[in-house]
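Me: I would like a close look at a single part of this model. Please keep it brisk.

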Amino acid sequence: MGRWEPDARGRLAKAALELYSERGYEQTTVAEIAKRAGLTERTFFRHYADKREVLFAGSGDLQELFVRAVADAPESAAPIDSLAVGLDAVSEVFADRREYARKRQAVIMANAELQERELIKLASMSAALADTLRRRGVAEPAASLTAEAGVAVFKVGFERWIVAAEERDMAHLMRDSLDELKAVTAGG
């Protein structure tokens with residue numbers, strides 16, 4: 001029996017991403033992920049429901065952070081500006097994770113099932129943000145439209161941030177994308 005090593009969850013995530021990148025998502029098994037991480041399949045299933053969830057495990061936390069930041073924005077903030085507060089908070093999470101995000105996104109874009117899961121994650125985020133905006137007193141359809149716009153800004157900003165030649169930080173790109181949206185909707 002080998003010596004116990006900490007961070008089984010992190011080791012599994014790292015091994016999975018490496019294998020998905022090398023062999024493809026569909027060609028990688030849970031057994032291979034566990035072996036690469038120096039763990040058992042049983043340990044894998046203690047941390048993740050299935051091999052897909054390795055890529056989406058932080059989605060709930062990210063959504064909660066986004067929603068909480070929007071909810072805590074100053075009461076005087078316009079709906080779109082409260083989303084800007086949320087985008088800033090979310091950007092901080094990704095500060096030192098650009099290379100991981102690039103690899104993760106490449107795996108997702110290579111598999112239709114994972115793309116669908118990503119879209120479900122974004123739809124859930126939009127619904128949660130719309131609910132938060134309604135609790136802040138934003139009426140419909142403005143709450144839903146603003147939430148959808150915020151998720152679109154997040155998606156576009158994220159896609160710009162993971163481009164290989166991009167060096168600006170995510171917060172800057174999110175703000176640029178939000179400014180572009182504001183300019184388009186203002187007729188500029």
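By class, how many nonpolar, polar and charged residues does the lining of the largest pocket have?

Reply: The lining has 14 nonpolar, 2 polar and 6 charged residues. Here Ala, Val, Leu, Ile, Met, Phe, Trp, Tyr, Cys and Pro count as nonpolar, Asp, Glu, Lys and Arg as charged, and the others, Gly among them, as polar. The model is predicted: local features need pLDDT of at least 70, side-chain atom pairs need 80 or more, and totals for chains, interfaces and linings use all residues. Numbering starts from 1 along each chain as its sequence is written, and side-chain values use heavy atoms, without hydrogens or water.

The pocket's volume is about 520 Å³. (A pocket is an open set of points on a 1 Å grid over the protein atoms alone where a 1.4 Å probe fits, with protein on both sides within 12 Å along at least five of seven lines; lining residues have an atom within 4 Å of a point. Volume is the space filled by probe spheres set on the points, which are joined across faces, edges and corners.)

It has 22 lining residues. Closest to its centre are Ala57, Gly58, Ser59, Arg97 and Tyr100. H1 (8–23), H4 (53–56), H5 (59–71), H7 (98–109), H8 (112–135) and H9 (142–161) each supply at least two residues. H5 gives the largest share, 4 residues.

Leu129 has contacts too (heavy atoms within 4.5 Å). Beyond its neighbours within four places in sequence, Leu129 touches Phe66, Val67, Val70, Leu83, Ala147 and Val151.
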